[in-house]
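User: I am new to reading protein models and would like a close look at one part. Could you walk me through the aromatic rings and what surrounds them?

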Amino acid sequence: MRFLVIGGAGYIGSHFIREAKRQGHSSVVYDNLERGFRESIPSDVPFIKADLLDSKTLEETIKDGHFDAIYHFAAFALVGESVSQPELYYENNVEGVRVLLEAMRKLKTKSNAVLIFSSSCAVFGTPSKLPISEEDPKKPQSPYGKSKLIDEWMIEDYCYAHGMRGMALRYFNACGADKDGGIGEAHDPETHLIPNVIKAALAKETVTIFGDDFETLDGTCVRDYIHVTDLADAHIKAAAYLCAQKGAIYDAIHLGTGNGYSNLQVVKVIEKVLGMMIEQRIGARRAGDPAGLYADNRKAKKILGFTTRYSDLETIIATALAWHQEAPEGYNRG
Ligand code: UFG
């Protein structure tokens with residue numbers, strides 16, 4: 001298959017390109033490099049430096065691209081930033097998807113590509129039950145989560161109104177790095193647990209765990225960690241599934257392992273992989289953190305044939321650690 005990868009210079013998009021290539025598919029990357037890295041795109045992958053809101057360039061790209069699938073990995077994804085600057089999220093995440101849907105609608109006779117959209121378990125806010133199933137009530141608590149839910153609604157409406165085929169994949173906690181090296185998690189600022197603990201451990205600094213008074217097994221938050229290459233593989237399966245469908249179709253599917261690990265359990269596994277103790281302190285709760293989030297992934301298994309190859313926590317940590325040890329300063333150490 002041939003893919004247009006919008007946001008292909010970012011963390012998940014760049015891992016997707018590599019896995020797609022290993023599986024024999026080709027990609028064209030479309031990215032404005034605002035938060036992504038040129039170095040993350042392999043030199044033999046065609047790259048268009050353009051903004052998603054630039055509808056003219058986007059339409060030209062789609063019109064003659066002969067794409068089987070278009071992937072949207074181009075969202076901003078910092079929950080705290082979305083609270084302080086919601087305008088960024090409604091412009092980039094919501095308006096960006098609207099522009100993309102409009103381009104796909106207008107070009108329907110020229111391009112029959114399916115749309116695969118990166119959504120998030122953040123659409124649920126504090127979940128009504130665990131594990132979280134696709135149809136559970138959605139009450140996003142941040143502009144980030146709201147922007148993803150609005151996007152899902154727009155995609156569903158466009159699909160059924162205009163005979164398009166789309167899917168929202170709701171990620172739980174994406175983590176880890178490509179097994180072949182060269183790329184890894186690259187956020188600035190880095191807010192995620194695994195890279196923060198690894199960085200602190202390597203620098204012999206103290207890690208802060210945000211809260212130990214949640215209603216969980218040890219009082220710290222529980223999350224569902226899924227290796228980014230397993231996510232990538234599920235995205236390829238999603239394209240194959242949608243391309244085989246005739247007529248309008250839309251669905252939302254959860255991508256998680258179904259296993260929850262507490263923050264303290266994650267730190268313990270990092271200590272084991274590193275072979276050293278990590279200094280840690282308990283800080284205040286971080287605003288907006290739900291106690292537990294883990295996926296009911298039965299739908300992903302049934303519809304996509306979802307499986308995981310890299311998502312045991314030790315493999316996740318080992319690949320993330322290898323990346324942190326090799327990444328050049330500035331490119332990504334958070
Ligand atoms: N944490 C710490 N110390 C740190 C960093 C994180 O204790 O230095 C804790 C957090 O408070 C949380 C857990 O580690 O309890 C996981 O935090 P992450 O920031 O790694 O991930 P989140 O679960 O907050 O974020 C994920 C996705 C987001 C999504 C969010 C929905 O990465 O895109 O779930 O709640 F919006």
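This is a predicted model: local features need pLDDT of at least 70, side-chain atom pairs count only at pLDDT 80 or more; totals for chains, interfaces and linings use all residues.

**Rings and a helix pair**

Residues are numbered from 1 along each chain as its sequence is written, and side-chain values use heavy atoms, with hydrogens and water left out.

A search of the whole structure turns up seven aromatic pairs. Rings of Phe, Tyr and Trp (its six-membered ring) pair if their centres lie within 6.5 Å; planes under 30 degrees apart count as stacked, over 60 as edge-to-face and the rest as tilted. One of the pairs is Phe-3 with Tyr-71, edge-to-face, at 5.2 Å centre to centre and 85° between the planes. This pair links distant parts of the chain, with Phe-3 in strand E1 (residues 2-6) and Tyr-71 in strand E4 (residues 69-72), 68 residues apart. Helices (H or I, at least four residues) and strands (E, at least two) are DSSP runs, numbered from the N terminus. Phe-3 is buried, at a relative accessible area of 0%, and Tyr-71 is buried with a value of 0% too.

Tyr-71 also pairs with Phe-16: the ring centres are 4.3 Å apart and the planes lie at 45°, so this pair is tilted. Because Phe-16 lies in helix H1 (residues 11-22) and Tyr-71 in strand E4, the pair ties together parts that are 55 residues apart in sequence. Phe-3, Phe-16 and Tyr-71 form one aromatic cluster with Phe-73.

H1 packs with helix H7 (residues 228-243) at an angle of about 65°, their axes 8 Å apart. Here axes are lines fitted to C-alpha atoms, for helices over the stretch in contact, and angles run from 0 to 180 degrees between N-to-C directions. Contact means heavy atoms within 4.5 Å. On the H1 side, the residues that meet H7 include Tyr-11, His-15 and Phe-16, and on the H7 side they include Leu-231 and Ile-236. The residues of this contact divide into eight nonpolar, three polar and three charged; Ala, Val, Leu, Ile, Met, Phe, Trp, Tyr, Cys and Pro count as nonpolar, Asp, Glu, Lys and Arg as charged, and the others, Gly among them, as polar.

Key. Buried means under 20% relative accessible area, exposed over 50%, partly exposed in between (1.4 Å probe, protein chains only).
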